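Me: I am new to this structure and would like a close look at a single part of it. Could you start there and then lead me on to a few other places?

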Amino acid sequence: MEKNIKKYMIDTEENKVFLREIRENLLDFGRRFPSPQGSSYYLLDDGTPWKDYKRETWITCRMAHVYSIGALLGYEGSGELTDAALRGLKGELYDKVYGGWYPGVTAEGAILPDKQCYAHAFVILAASSAMLAKREGAKELLEEALELFELRFWDDKEGLAADTWNTEFSVLDDYRGLNANMHTVEAFLAVADATGREIYRSRAGRIIRRVISWAEDNKWRIPEHFTKDWKAEPEYNKECPDDPFKPYGATPGHGIEWGRLITQWALSVYKDDKQSLDIYIKAAEKLYGQAIGDAWAADGAPGIVYTTDWEGKPVIHDRMHWTLAEAINTSAILYHVTKNKRYGADYEMFMEYLDKQVLDHVNGSWFHQMNEKGEVTGSVWPGKSDIYHALQATLIPYCSPDISVALAVCK
């Protein structure tokens with residue numbers, strides 16, 4: 001019994017072994033993702049490619065990223081899987097006429113319209129990780145992605161990224177959002193770590209400061225949706241509250257994820273300035289604390305609800321696997337940085353919940369969406385589309401907290 005408890009506890013050898021077993025399972029589970037063109041299939045519950053579903057750029061990038069990490073870890077076949085995803089990013093997902101990357105293609109290969117900041121941020125992340133893994137063409141892909149992002153998405157006046165263009169890059173949508181900016185921070189930190197270009201770390205900081213300001217003014221529940229003038233729209237998508245990318249209300253999982261990214265950035269910038277560092281670590285703690293306080297077991301059952309209203313009451317009760325992954329990451333990072341035992345206790349609670357309810361011990365990977373009864377559902381995330389969040393959650397708890405995961409694996 002003691003051994004079973006220890007496998008959930010942070011900094012135990014049993015927990016490290018448990019995470020390694022999960023990681024190996026995930027890398028095995030995901031290896032059937034490449035289509036013949038390289039773009040990534042969504043994966044079904046047993047890891048079978050979902051061949052009659054669209055193939056998206058952000059999913060392809062995530063798989064390039066995780067198998068770059070797999071290659072750095074020495075996992076057999078990871079390099080070839082990374083190369084397959086890169087082939088998709090250089091091929092059918094790339095717009096040879098107007099530049100940039102389509103959101104994806106249909107099952108039949110027809111392009112999906114628009115150009116999304118979210119997808120382009122993931123191209124940067126994937127290329128950064130693939131470059132560290134020394135995959136052919138990754139450096140060139142990264143340079144092109146950065147140049148395109150600078151031209152089309154980065155707004156230097158605001159210190160934030162725009163969200164969506166039309167396919168031809170001639171009309172910029174009025175919507176502005178923080179989901180794309182969050183992954184822009186992740187990508188910019190990865191670029192700074194991989195290339196030494198500190199301008200990207202500085203830009204990540206500019207985004208972070210704006211987000212902290214908005215959160216502090218809103219009881220540490222982050223507004224997600226904005227007008228083109230960056231005025232918050234708190235009622236956005238109220239008629240479609242379970243949208244996978246733009247849900248109504250607060251998204252506690254994002255508060256948790258921002259907490260980790262803020263901590264990573266602050267540690268990398270203010271390691272010799274304890275006063276400034278403490279300000280940002282406290283902000284990260286407040287974001288994490290508000291999100292967990294609002295969302296963990298909010299309806300009496302374990303798990304983190306997808307969304308809440310602006311008073312912290314659950315709106316969408318379903319539990320998404322990515323939110324749990326980020327809770328594992330952030331609780332571990334905050335425990336190691338602050339030495340506060342509360343975060344270690346949270347980590348243990350999350351790991352036990354993962355093992356008992358979210359890990360699929362039969363077919364592999366993690367269940368991507370469950371309701372408050374613990375039943376698997378798929379209204380928002382059918383199947384098990386990719387392994388990005390889950391795989392990172394097997395590494396970040398024991399990585400150096402001041403650098404991106406792919407670079408941490410290198411060291």
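Reply: Let's begin with a pair of residues: Thr-307 has Ile-316 of strand β10 as its bridge partner. Three bridges join β9 to β10, and these two strands run antiparallel. Strands pair if DSSP finds at least two bridges between them. The strands, like the helices, are DSSP runs numbered from the N terminus (E, at least two residues, for strands; H or I, at least four, for helices). Before going further, please keep in mind that this is a predicted model, in which local features need pLDDT of at least 70 and side-chain atom pairs count only at pLDDT 80 or more, whereas totals for chains, interfaces and linings use all residues. Residues are numbered from 1 along each chain as its sequence is written, and side-chain values use heavy atoms, with hydrogens and water left out.

Back to the strands. Five residues lie between β9 and β10 in their hairpin, where Gly-312 takes a positive phi near 90°. On to the next partner: two bridges join β10, residues 314-320, to β11, again antiparallel. Here Met-320 is bridged to Gln-369 in β11. Put together, the three strands make an open sheet with the order β9-β10-β11 and antiparallel pairing. Because β9 (305-308) and β11 (369-370) have a single partner strand each, they stand at the edges, and one side of each is left without a neighbour in the sheet. As a general rule, side chains in a regular strand alternate between the two faces of the sheet.

Now for some rings. The structure holds 29 aromatic pairs. Rings of Phe, Tyr and Trp (its six-membered ring) pair if their centres lie within 6.5 Å; planes under 30 degrees apart count as stacked, over 60 as edge-to-face and the rest as tilted. Trp-58 belongs to helix α3 (residues 57-73) and Phe-245 to the loop between β8 (225-226) and α9 (252-269), so the pair ties together parts 187 residues apart in sequence. Trp-58 counts as buried, at 2% relative accessibility, whereas Phe-245 counts as partly exposed at 26%. For these words, buried is under 20% relative accessible area, exposed is over 50%, and partly exposed is in between (1.4 Å probe, protein chains only).

Phe-245 has another edge-to-face pair, with Trp-381: 5.8 Å centre to centre and 90° between the planes. Trp-381 sits in the loop between β11 and α13 (388-393), so this pair ties together parts that are 136 residues apart in sequence. Trp-381 itself is buried, at 11% relative accessibility.

Other rings form a cluster, and Phe-149, Trp-154 and Tyr-200 are among its members.

In the loop between α5 and α6 you will find Glu-136, which is exposed, with a relative accessible area of 72%. Glu-136 touches Leu-86 and Lys-90, leaving aside residues up to four places away in sequence; contact here means heavy atoms within 4.5 Å. Its C-alpha atom is 7.7 Å from that of Asp-83, which is 53 residues apart along the chain.

For a contrast, look at Ser-39, in the loop between α2 (13-29) and β1 (55-56). Ser-39 is buried, with a relative accessible area of 0%. Its side chain makes polar contacts with the side chains of Arg-55, at 2.9 Å, and Glu-92, at 2.3 Å. A polar contact is a pair of N or O atoms within 3.5 Å; within protein, one must be able to donate a hydrogen and the other to accept it, and residues adjacent in sequence count only if both atoms are side-chain atoms. Among the other residues that Ser-39 touches are Phe-33, Thr-60, Gly-88 and Leu-93.
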